[in-house]
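Here is my notebook from an afternoon of looking things up in one structure. Have the picture open while you read along.

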Amino acid sequence: MPTQVQVRSYPGWPQVARARFFAGLSAPAVLLVPDERLRLYRNLDAFGVRAYPEPSPYAVRERAHLVLGYRAALEPVPEDPWAGGLILEAGKSYPRSALLSALATLGHTRETDVRVLGEVVEVGELRLEFFGETLERLSVAGEEVDRYRLAPAEGAKPAATAPLLALTRGPVWVEQPSRLPEEAWALIGDRLAGVFAPWPEAETVPSRIEPLVPYRAELKRFRRDLEAWLAEGRRVVLFYKHEKGRDYLLRRVLGDLPTRVSATVRPFDGVLLVPGSFEGGFLDPEEKTLFLTEALLYGFSGSSAVRRTFLRGEGVTDPELLSIGDYIIHPEHGIGRYLGLETREVLGVRRDYLVLQYRDAGRLYVPVEELPSLRRHPATSDEPPALSSLSKKDWKRTKEKARRSAEELAQRLLVLYAKRRQAKGTAFPPLPDWDPLIEQNFPYALTEDQKRALFEVFRDLEADRPMDRLISGDVGFGKTEVALRAAHRVVGHGYQVAFLVPTTLLAEQHYRTFAERYRDLPVRVAMLSRFTPVGEARRVLADLAAGRVDIVIGTHRLLEEGVRFHRLGLLIVDEEHRFGVAQKERLKELRDGVDVLMLSATPIPRTLYQALVGLKDISAIQTPPPGRKPIRTVIAPFDPLLVREAVLAEMERGGRVFYVHDRVASIERRARWLERLVPEARVGVVHGQMSAAGIEEVMLAFAHGAFDVLVATTIIESGLDVPLADTIVIERADRLGLAQLYQLRGRVGRRSRAAWAYLLHPPRLTEAAEKRLAAIADLSDLGSGHLLAERDMEIRGVGNLLGPEQHGHVRAVSLEVYAEMVAEAVRRLKGEAVPERPHVTLDLRVSARIPPEYLTDPTARSRVYAALAKARGLAEVGRIRRGLEAERGPLPEEAQNFFRLTRIRLLAERRGILSITEDRGQVQLVVPAYPPPHDPKRLEDLPFPVEVTRYPPGFRIPKAALALPVAEAVERLLSAL
């Protein structure tokens, strides 16, 4: 390999940037690429340059841009460039004597098939028309062509003796040099000008371009970005592969933006569409131009035939947005299966109805405006819930059994709650001179959720009863900062703090964090794990017992019998679910009378359930740090092409990749496989059976950029922070639990750019594994760890809490309904009022729906219905309407009626109305008791008569006296109440 010449390296450039750079070089120039990537460089016409992919021996002598695959570059060809065939192109110059000599070399002579007729030369069926030495026109059998390769005559084919690369001229550029065969380097010699990859013997040129993140078919996000770029005065060049794709983008995405279609790249203040089969995308800040490709928009080039599930991370799936097959709880009829939306016309009135299937083929049609009264039953085990019958008695009996169980549980909870309140602990009041000292080394401002959690923790510490609080928050959301400040308060009062973590790596990280924050304070921080040297561990244990260690951070070693504390005041437990039963029993001994603070991104079901029903205090940190973006999640069958694409996509934007292979015995073999699959990447390995020094060395090297890919076991699950790692590939994700998957996914996305998590699985999945993967994909929004823990409860159940078996009742009525029953029972036993959930029966004879002619996409219609069902105020309804009209235009009459019914429902709930019904002669509004609250003067001011009724209690509007639509009259009456 050449070492004596100055070679430039351009690592991390997307393919389209490489093609543009190569096209801008002076000819002749040579680009060597792997054979499978030759297709990307076949046509550089978009940049105004004619490229010669796999050129003939004659073409290599021209001043041109040559693109050679690695195999073709070494293929033997005739040394005489004229002997292997002659490329003829209109517009090029061919001296007559040289042309005739070349034809003779190929076996074409005047004696065989060549005729010279003045300015015309004919070779068999080939006709060449010249103007001087310039070839003006060429035709074959009378048909005009621009370019033609004339092959040697029969029997004149020369011997192939020289590699094609040896005949080329000009500087050579290499893509993926690590894959170039050794014999090619000798042929290149001192002509090597640069490489498009990291190269130890090359000078790395600082990149002036910024690679773009793939859109993975998120065209709405692409449209938003386009608008932002154009507003900033930037230009956009979009390369498309097919005219159909171009037309679709022009019609459905680019819309009213300034666009132009061009054969080549040229200045245009808008979006310029140019044909080109490139990949990737980048911003050129100097030219203020973005270059994008169709492959960047749709992603997954090379393995598109593999079926996979792609789930956006732009927002959690709306809980009201139903999918066919979901199980729905109707307040009066119980559990049914959702079959879809259906438009029905009854007595001349058109409405959209939710169709629910019940036991014995029963069907219930629920008006879509009653969506707020329905609940989704997510199923609480691998078995789906049993469907209810349409008999109201069946559901009533089921709810009554669950209610009795909830009342019994509530009584037990109150007894335990009272005992907890009576237990004596240590109070840690504020220390005005000490408390602010820990804030000095904190470089960020606390989020609002962190402030609230810290306030609640300090309030518990200041009380004279033991604290038992759970801090629930996503990885990287700042739970450790709250714990650190709580520890500071306790240490300030002369007590010790034990911080229990599940892994050695996490212990190391927390130890460095605490040591850094306490470096200027009189606080001794120590660490205790299985990798702590024996002599040091003995000293730490002795100092703990003597009170000379203030804060100890450790793994399971802290729970061993020989560990003694001088005066333990606070126990912090990170990720409780990682500890076994025996360790939790030891925890119970440690926590007797001690303040306890638990941290978790995904609390285990039992812990979360205790918090939900009031047995354990909980603080949720759900506000992400500024600039954080959701992690996009891809669920797919294992596919080497997908793995390669994921790694290369991250490398091209300068990032790093975690690859999780949770088998120590085969992890080295998997690393070697990855090196063969992605030879451009540098691969490192880490697992729990390595020495502590070895683990730390590899992790630090990865964090500092020594490796592009880190193959690891689940040792990286907790707490590891590598900011440049923005892609994680999890092999056999079906074997891991929800909490593990969530924690692993949280290892990426620590910066403000989009991160990717690939959850790979075998072609066939068990039902439980499918549910786990679907759950973590659904909850891909920031701050959804708490919600994922709730989903875990629903999949696994809550277990035997306080003795009785609740899981059967939870499965029968759903976790949400059962938890509400428990909460209501607790309030009743405490003597507190239990507010009734408002529910309005609305039956007005008006056609009200979102017509499919107005909003054609069924998912979009469901999303509007869901948004209106969740709306809690008239202003919110107005905002939804304005957004819909801005996107689709004025509402048709039926849609206007639906928005009016939504406003009527909200007003009726606020006024305490039970039902609003219409018959042939009147409209009746029913309230709970007579007399209904109202202002007689305001009723008199209405432009229609209103009667106050005793039976039923409420108001009546005679339809004969109405001069305006019924729905409008009802809305005006409700506004007057």
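Which residue is the bridge partner of Ile329 in S25? I looked it up, and the partner of Ile329 is Ile335.

**Before going on.** I noted that this is a predicted model, where local features need pLDDT of at least 70, side-chain atom pairs count only at pLDDT 80 or more, and totals for chains, interfaces and linings use all residues. Residues are numbered from 1 along each chain as its sequence is written, and side-chain values use heavy atoms, with hydrogens and water left out.

**Entry 1: strand S24.** I started with S24, which spans residues 327–330. Helices (H or I, at least four residues) and strands (E, at least two) are DSSP runs, numbered from the N terminus. S24 pairs with strand S25 (residues 334–346) in the antiparallel sense over four bridges; two strands pair if DSSP finds at least two bridges between them. I found three residues between S24 and S25, and the two strands form a hairpin. S24 also pairs with strand S28 (residues 375–377), again antiparallel, over three bridges. There, Tyr327 has His377 as its bridge partner.

Next I checked the two faces of S24. In a regular strand the side chains alternate between the two faces of the sheet. Tyr327 and Ile329 lie on one side, Ile328 and His330 on the other, and all are buried. Buried means under 20% relative accessible area, exposed over 50%, and partly exposed in between (1.4 Å probe, protein chains only).

**Entry 2: helix H3.** Which residues of H3 are buried? In this helix (residues 96–105) I found Leu99, Ala102 and Leu103. They sit on the same side of H3, because they cover an arc of only 100 degrees around the axis; the arc is that of the directions from the helix axis to the C-beta atoms. An α-helix has 3.6 residues a turn, so residues three or four places apart point the same way. I also looked for what covers the buried residues of H3, and the cover includes strands S6 (86–89), S7 (114–117) and S9 (126–131). Just after H3, Gly107 takes a positive phi of about 90 degrees.

**Entry 3: aromatic rings.** My search of the whole structure gave 19 aromatic pairs. Rings of Phe, Tyr and Trp (its six-membered ring) pair if their centres lie within 6.5 Å; planes under 30 degrees apart count as stacked, over 60 as edge-to-face and the rest as tilted. One of the pairs is Trp13 with Phe196, tilted, at 6.3 Å centre to centre and 35 degrees between the planes. This pair links distant parts of the chain, 183 residues apart. Trp13 counts as buried because its relative accessibility is 9%, and Phe196 is buried at 2%.

**Entry 4: charges over rings.** I found the charged end of Arg344 over the ring of Tyr365, 4.1 Å from its centre. The charged end of Arg567 sits over the ring of Tyr495, also 4.1 Å from the ring centre. A charge sits over a ring if NZ of Lys or CZ of Arg is within 6 Å of the ring centre and within 35 degrees of the ring normal.

**Entry 5: the whole protein.** Last, I wrote down the totals. The protein has 28 helices and 46 strands. Of its 977 residues, 54% are buried.

Key:
Contact = heavy atoms within 4.5 Å.
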